[in-house]
Amino acid sequence: MAALVVLDYSKSGNSTTAVLYFSTFIAVCGSYVFGASIGYSSPAENGIIQDLGLSVTEYSLFGSIMTIGAMLGSVTSGRVSDRFGRRGAMGIAQILCITGWLAILFAKHGLLDLGRFVEGCGVGILSYVVPVYLAEITPKNFRGAFVAIHQFMVSIGLALTYFIGAVVSWRTLALIGIIPCLTQLLGLLIIPGSPRWLAQNGRVKECEVAIQRLRGKNADISEEAAEIEEFTESLKELPEGRILDLFQQIYARSLTIGVGLMLLQQFGGANGIVFYASSIFDAAGFSASIGSTLMAVIQIPTALLGIMLMDRAGRRPLLMISAVGTCLGCLLAGVSFSLQDHQLWKEGTPALVFVGIMVYNGSFGLGLAGIPWLIMSEIFPINMKGSAGSVVSLVNWFSSWIITYIFNLLMNWSSSGTFYIFSSISALTILFVAKLVPETKEQTLEEIQASMHSLPEIE
């Protein structure tokens, strides 16, 4: 195995510039689209069912088919981003999203599901490529906070879609969804490419130009550029990363962490609770409109808090605090439904379910929502990032599809049992993070990957 040099570039590596902020804004327009797509099915439900005469089963298909499209998008996301670059992948994703929104906008019946599926394909690509691009352009001391903006914008997209959907028709809501897609498409023509992707593809001069734009014209980028180029050059001695190569022993820990975090995130409730928040509140006897709105609102301050703490507290503590909160929130909701089942404290249980869901949602936004994507973007070397991203993203969306598909069945079986299961999985998440997940704050991507894969350093 080739030895790798790992340097510390304290001078050039800690600066932020207007170009970096603008590049981040354009990238997280894709995060907003991600959130808006997830949030669309809840406020649009009544309008679509009434206007198109859909049954509950038919609408459930519309709600869940996006995750099937996202699975397809996630399978191709790594290869697409390796082939066309991070900017190219985001552009392809937004073309798919625009096509999907337009199909929904002019839908009659079958076109509705097709549009949602195509939109899901675009979202599947965005869910991988946005955090990867942010991780690859950001200085190490700010990487956690900048990548956390991805989840913050997912929350903003989700919340605004809830709010706007309460006052406009479902077709108008689809039309509004096109705006951030167009914004990103235009912005991609201006922002620099990923320096690491450019170096990987032998475009060394363009890599240096991109770093200079991102760090400022007067910044000394020599050490940062040297580290990226030497690390990338050493990886060229290895064969091009294939999916089967991920199952080699050298990548076992990274793959276990990446896949494990995605499984625990989704099987802990995640998209099931988000997609079907209205039905949860209805089942509890709490106002669905008030509950869904406040659920969206609470994600914004908790996501902001996550951004502020990411590079101070670190990834591991935030993940464990987040998992403790989701565990307690689901436990509270489960106890509330149990009381309802036994006809106890009828006047208080609706509010108790509401409190449990708020605790879950706020805690989820603090860490579990975004940190698994950040860690996924950090722990795999550049030659394996495409294959790894495809696998990890596919696992996330496949488990999301399972949860969104069976959630109503679980609730019909036992509302309390459903939340006890989610609470148990959150408890398992705490143990998983404590035992396996590394702390990656204030380390360059090259330092993280060298330590994760036991690669020796050159003095």
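Glu-136 is buried, at a relative accessible area of 1%. Buried here means under 20% relative accessible area, exposed means over 50%, and partly exposed is in between, with a 1.4 Å probe and protein chains only.

First, the conventions. This is a predicted model, in which local features need pLDDT of at least 70 and side-chain atom pairs count only at pLDDT 80 or more, while totals for chains, interfaces and linings use all residues. Residues are numbered from 1 along each chain as its sequence is written, and side-chain values use heavy atoms, with hydrogens and water left out.

Back to Glu-136. Its side chain meets that of Arg-86 in a salt bridge, at 2.9 Å from N to O. By salt bridge I mean a side-chain nitrogen of Lys or Arg within 4 Å of a carboxyl oxygen of Asp or Glu. Arg-86 lies in helix H2 and Glu-136 in helix H3 (residues 110–137), so the pair ties together parts that are 50 residues apart in sequence. Helices are DSSP runs of H or I with at least four residues, strands are runs of E with at least two, and both are numbered from the N terminus.

Is Arg-86 buried or exposed? Arg-86 counts as buried, at 1% relative accessibility. Arg-86 also has a salt bridge to the side chain of Asp-82, at 3.3 Å from N to O. Those two residues are 4 apart in helix H2 (residues 56–105), which means a separation of about one helical turn. Asp-82 is buried too, with a relative accessible area of 16%. Taken together, Asp-82, Arg-86 and Glu-136 are linked in a network of salt bridges.

How many salt bridges does the structure hold? The count is 7. One of them joins Arg-116 and Glu-119, whose closest N and O atoms are 3.6 Å apart. Both residues sit in helix H3, 3 residues apart, or about one turn of the helix. Arg-116 and Glu-119 are both buried.

Ser-77 is in helix H2 and counts as buried, at 0% relative accessibility. Setting aside neighbours within four places in sequence, Ser-77 is in contact with Gly-124, Ile-125, Tyr-128, Gly-389, Ser-390 and Ser-393. Contact means heavy atoms within 4.5 Å.

Ser-23 is in helix H1 (residues 18–52), and Ser-23 is buried with a relative accessible area of 0%. With neighbours within four places in sequence left out, the contacts of Ser-23 are Tyr-133, Ile-137, Ile-191, Pro-192 and Leu-214.

Ser-338 counts as buried at 16% relative accessibility. Not counting residues up to four places away in sequence, Ser-338 touches Ser-416 and Tyr-420.

One backbone note. Most residues other than glycine have a negative phi. Gln-343 is not a glycine, yet has a positive phi of about 60 degrees. Gln-343 is found in the loop between helix H13 (315–341) and helix H14 (349–368).

Now the whole chain. What does the chain have in the way of helices and strands? There are 18 helices and 0 strands. The radius of gyration is 22 Å, close to the 23 Å that the globule rule gives for 459 residues, so the chain is as compact as a globular protein of that length. That radius is taken over C-alpha atoms, and the rule is 2.2 Å times the number of residues to the power 0.38. The C-alpha trace spans about 70 × 45 × 40 Å along its principal axes.

Of the 459 residues in the chain, 61% are buried. Among contacts between residues at least 6 apart in sequence, 84% join residues at least 24 apart. The accessible surface comes to about 17100 Å², and carbon and sulfur atoms account for 66% of that. Accessible areas come from the Shrake-Rupley method with a 1.4 Å probe, and for residues only the protein chains shown count as cover.

Last, charge. The chain has 26 positive and 31 negative side chains, with the centres of the two sets 3 Å apart. Lys and Arg count as positive and Asp and Glu as negative, leaving out His and the chain ends; each charge is placed at NZ of Lys, CZ of Arg, CG of Asp or CD of Glu.
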